Amino acid sequence: MKTTIERSAFLKALNHVQSVVERRNTIPILSNVLLEADNGVVTLTATDLEIEVRERVEAEIAQAGAITAPAHMLYDIVRKLPDGGQIELAKDENAERLTLVSGKSSFLLQTLPREDFPAMARDEMPVAFALSGTDLRRLIEKTRFAISVEETRYYLNGIYLHALEEDGAALLRAVATDGHRLARVQITQPVGAADMPAIIIPRKTVSEVQKLLEEAEGEVSVQVSDTKINFAFDNIVLTSKLIDGKFPDYTRVIPVDNDKVLGVDAKTFAQSVDRVSAISSEKSRAVKLSLDTDSLGLSVSNPDSGNASDEISVSYQAEPLEIGFNARYLMDITSQLDGDMATFELSNSGAPTIVRDGEDTHALYVLMPMRV
Amino acid sequence: MTGSAGSSPKPDTERAAAAHSVCRDCGTRSEVLTDSRRCRVCKSPRLIIHDELFQLGVAHIDCDAFYAAIEKRDNPDLQDKPVIIGGGRRGVVSTCCYIARIKGVHSAMPMFQAKKLCPEAVIVRPDMEKYQKVGYQIRDMMRAYTPLVEPLSIDEAFLDLRGTERLHGGPPAQSLVELVKRIEKDIGITVSVGLSHNKFLAKLASDLDKPRGFSVIGEAETVSFLADLPVGAIYGIGKSMQKKLARDGIRSIGQLQKIDERDLVARYDSIGLRLARLSRGQDKRKIVPQSVAKSISSETTFNEDLDTLAALEKHLWALSERTADRCKRKNMAGTTIILKVKTSNFTTLTRNRALADPTQLADTIFSVGKILLAQLLSDKPGTKYRLIGIGVSGLVDGAHADPPDLADPDKTRRKAAEKAMDDLRDKFGRSAIKKGRSL
């Protein structure tokens with residue numbers, strides 16, 4: 001193998017793929033990135049056996065071939081090379097090592113045989129559809145904060161993505177919950193997604209896709225099977241295994257008759273929550289909301305440090321109510337609302353509360369109260 | 001240090017010209033002016049004599065062969081026979097009386113070995129409930145003398161009697177003598193007392209003169225007393241630390257006393273600091289009444305080693321119920337589930353798992369415990385187990401237990417079902433209702 005590649009393009013691709021490589025690996029080959037040079041393109045592949053990321057970069061290929069080299073180290077080297085340069089990569093055929101030369105800098109890296117690199121099985125993907133990067137980002141960004149880290153209920157460690165029809169509208173819906181809060185966000189169903197099996201996308205995949213989407217433009221094509229999902233955009237293809245489990249029936253926990261409606265300015269509210277919770281303990285992050293006609297009192301009481309209270313004006317017409325929530329959960333939700341206004345629909349101090357994002361009917365959050 | 005009750009007094013107490021004394025029979029307090037070692041009032045030889053006797057106020061009280069003593073009390077036929085408390089077809093000696101100890105039997109010894117050493121021994125199955133009740137009675141009697149009672153187990157406790165002189169009209173030593181007499185009379189068992197100026201030394205002292213002992217370690221002789229003891233006498237210095245010290249040539253506390261504190265810290269880190277302080281008899285720990293529980297658990301040793309998931313799970317369910325019961329009774333809930341097993345070759349293994357919410361439900365404890373157990377068994381195929389236990393830690397107030405869960409809509413129903421079962425049992429007894437899986 002022998003190829004010349006532009007430093008900035010190589011760096012960008014390395015940055016993308018190295019992210020999936022775990023810092024500590026018991027299987028040495030998983031620390032490496034696979035470089036395949038052929039037909040004017042270098043393809044970089046990295047995997048942790050659950051997720052595989054492949055990215056294609058144009059390059060001058062003097063001699064086709066393939067090699068694997070330590071992903072983080074290679075990324076670190078390329079990152080530290082001067083901008084605007086060219087990098088020459090060559091496989092030292094006898095010693096099985098990779099030489100990397102750029103200007104007067106040169107490196108000789110240990111490699112592992114290309115044959116050892118685990119290829120992810122290419123399943124048949126019966127469902128295929130396309131959606132905009134903006135829509136996919138939205139589904140992820142608005143739900144991922146609610147993903148559980150609980151080991152026992154591993155089926156909550158991801159985003160539940162499924163197609164459904166509701167009130168005559170075809171939707172693609174993402175749901176995540178950790179038992180304390182639940183996020184439900186949907187978009188109009190993309191063509192071809194109707195027959196999609198309901199799937200759970202693991203947390204790490206969600207965060208890798210989110211990172212890759214940051215710089216992506218345009219459409220993302222998605223392919224789904226019962227066990228895998230595949231995202232393709234720009235020159236990148238990410239394939240991931242899915243969580244094999246059953247997501248709970250979340251529709252049963254979304255209240256339908258919460259009749260006490262509280263309207264708040266999301267930013268003012270979040271700031272007030274943040275302010276009073278400055279004195280809360282690490283252990284209990286409870287903040288008490290005291291609702292009265294057009295007024296909301298927020299208070300925190302911490303036996304170790306003291307009390308805090310604040311008041312903001314809101315719109316509220318129902319009977320007075322006192323209810324407690326975890327401050328962090330309130331801020332997690334309100335911090336990623338798009339609209340200026342947040343609407344809370346409450347029932348009583350022990351029942352789940354709904355939070356809506358202004359006029360947006362496609363995003364809905366459910367929050368369990370805390371005892372205060 | 002002073003022994004008494006028949007043990008020959010040490011020479012240094014004989015020369016104590018004006019040492020303080022308390023009579024263990026009649027409680028008379030006096031100053032011993034001559035070398036008389038009998039009480040001036042009742043002529044009893046059971047005198048505690050020590051220079052600092054009236055200044056010391058930290059005590060450790062340890063019941064003598066507690067379980068065996070209770071059984072002897074309740075069955076006078078056993079009085080002059082060797083009695084071993086221990087259970088089951090195998091199991092180990094949990095306590096044995098002093099007659100059995102003469103034959104070489106000791107607690108934690110395998111039962112077959114104990115039987116070999118002492119074939120005439122009467123073996124009694126432990127009745128934990130009874131012992132617990134007696135233990136609580138004794139604790140209550142202790143609390144009549146000071147609120148600062150820190151139980152270490154069912155049959156031993158630290159008492160801080162400093163500052164009670166005016167209340168009780170006498171020094172702590174005299175109050176202790178009175179307390180011991182009451183325990184002997186009202187409960188019908190004997191205890192041993194260690195009196196000193198801190199917990200570490202009080203505990204060492206109580207062990208010096210068992211049974212029915214009363215030993216005193218004063219500040220003056222602290223360092224010299226400790227010097228001759230092996231390093232293992234320091235609490236928390238286990239076998240591995242002893243080995244480590246032995247490699248460095250340190251076997252006695254006296255050797256530690258000669259090493260500078262800073263050197264010990266440099267060599268052994270934070271444990272070095274403890275070695276430095278404790279070897280010189282310095283222990284600043286306070287006596288904390290009823291230390292707060294950190295975990296709630298139950299465990300059981302099987303009659304025969306088990307190796308299948310199904311067999312182990314059966315025990316796990318019963319223990320999960322017991323742990324849940326304890327949580328509910330104490331109005332506590334745990335945020336982490338801890339599974340413990342002991343293999344047939346006595347290796348203890350534990351696995352734990354954090355929960356999303358605190359629990360006190362048997363159902364939740366069991367279902368998480370089951371997952372941990374299955375993983376553990378698949379990690380170590382072919383292993384046999386002799387013990388299993390399940391508990392919860394990260395305890396919080398029971399008011400926060402098992403809140404409604406957005407990811408588990410049926411939880412509220414299961415909680416209500418368990419509550420209904422608990423209520424039935426409260427009314428009609430433990431066996432009134434059982435889950436199918438426990439049959």
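1. In this predicted model, 7 residue pairs are in polar contact across the interface of chain B and chain A, both residues of each pair having pLDDT 80 or more. Two elements of chain B give two or more residues to the side that touches chain A, namely strand E14 (348–359) and helix H14 (362–379). The largest share of that side comes from E14(B), with 4 residues. By class, the side of chain B that touches chain A has 9 nonpolar, 1 polar and 5 charged residues.

2. Salt bridges are also found across the interface of chain B and chain A, and the rule counts 3 of them. One pairs A:Glu151 with B:Arg353, whose closest N and O atoms are 3.5 Å apart.

3. As to the extent of the interface, chain B contributes 15 residues to the contact and chain A contributes 20 residues. About 1,500 Å² is buried between chain B and chain A, and carbon and sulfur atoms give 58% of this area. Which residues of chain B lose the most area to chain A? They are B:Arg353, B:Leu406 and B:Ala407, which together account for 44% of what the chain B side buries.

4. Within chain B, helix H2 (residues 66–74) packs against helix H5 (residues 128–143) at an angle of about 100°, and the axes are 10 Å apart. Angles of 65 to 115 degrees count as roughly perpendicular, and H2(B) and H5(B) are therefore roughly perpendicular to each other.

5. The residues of H2(B) that meet H5(B) are B:Phe66, B:Tyr67, B:Ile70, B:Glu71, B:Arg73 and B:Asp74. On the side of H5(B), the residues are B:Met128, B:Lys130, B:Tyr131, B:Val134, B:Gly135 and B:Ile138. By class, this contact of H2(B) with H5(B) has 7 nonpolar, 1 polar and 4 charged residues.

6. In chain B, the peptide bond from B:Lys210 to B:Pro211 is cis, its omega being near -10°. B:Pro211 is found in the loop between helix H8 (199–206) and strand E11 (214–216) of chain B.

7. A:Asp167 lies in the loop that runs between strand E11 (158–166) and strand E12 (169–177) of chain A.

Technical notes. Residues are numbered from 1 along each chain as its sequence is written. Chains are lettered from A and ligands numbered from 1 in the order in which they are written. This is a predicted model: local features need pLDDT of at least 70, side-chain atom pairs count only at pLDDT 80 or more; totals for chains, interfaces and linings use all residues. Side-chain values use heavy atoms; hydrogens and water are left out. Axes are lines fitted to C-alpha atoms, for helices over the stretch in contact, and angles run from 0 to 180 degrees between N-to-C directions. Angles under 35 degrees count as roughly parallel, over 145 as roughly antiparallel, 65 to 115 as roughly perpendicular and the rest as oblique. Contact means heavy atoms within 4.5 Å. Ala, Val, Leu, Ile, Met, Phe, Trp, Tyr, Cys and Pro count as nonpolar, Asp, Glu, Lys and Arg as charged, and the others, Gly among them, as polar. Buried area is the accessible area (1.4 Å probe) that two parts lose on being put together, summed over both. A salt bridge is a side-chain nitrogen of Lys or Arg within 4 Å of a carboxyl oxygen of Asp or Glu. A polar contact is a pair of N or O atoms within 3.5 Å; within protein, one must be able to donate a hydrogen and the other to accept it, and residues adjacent in sequence count only if both atoms are side-chain atoms.
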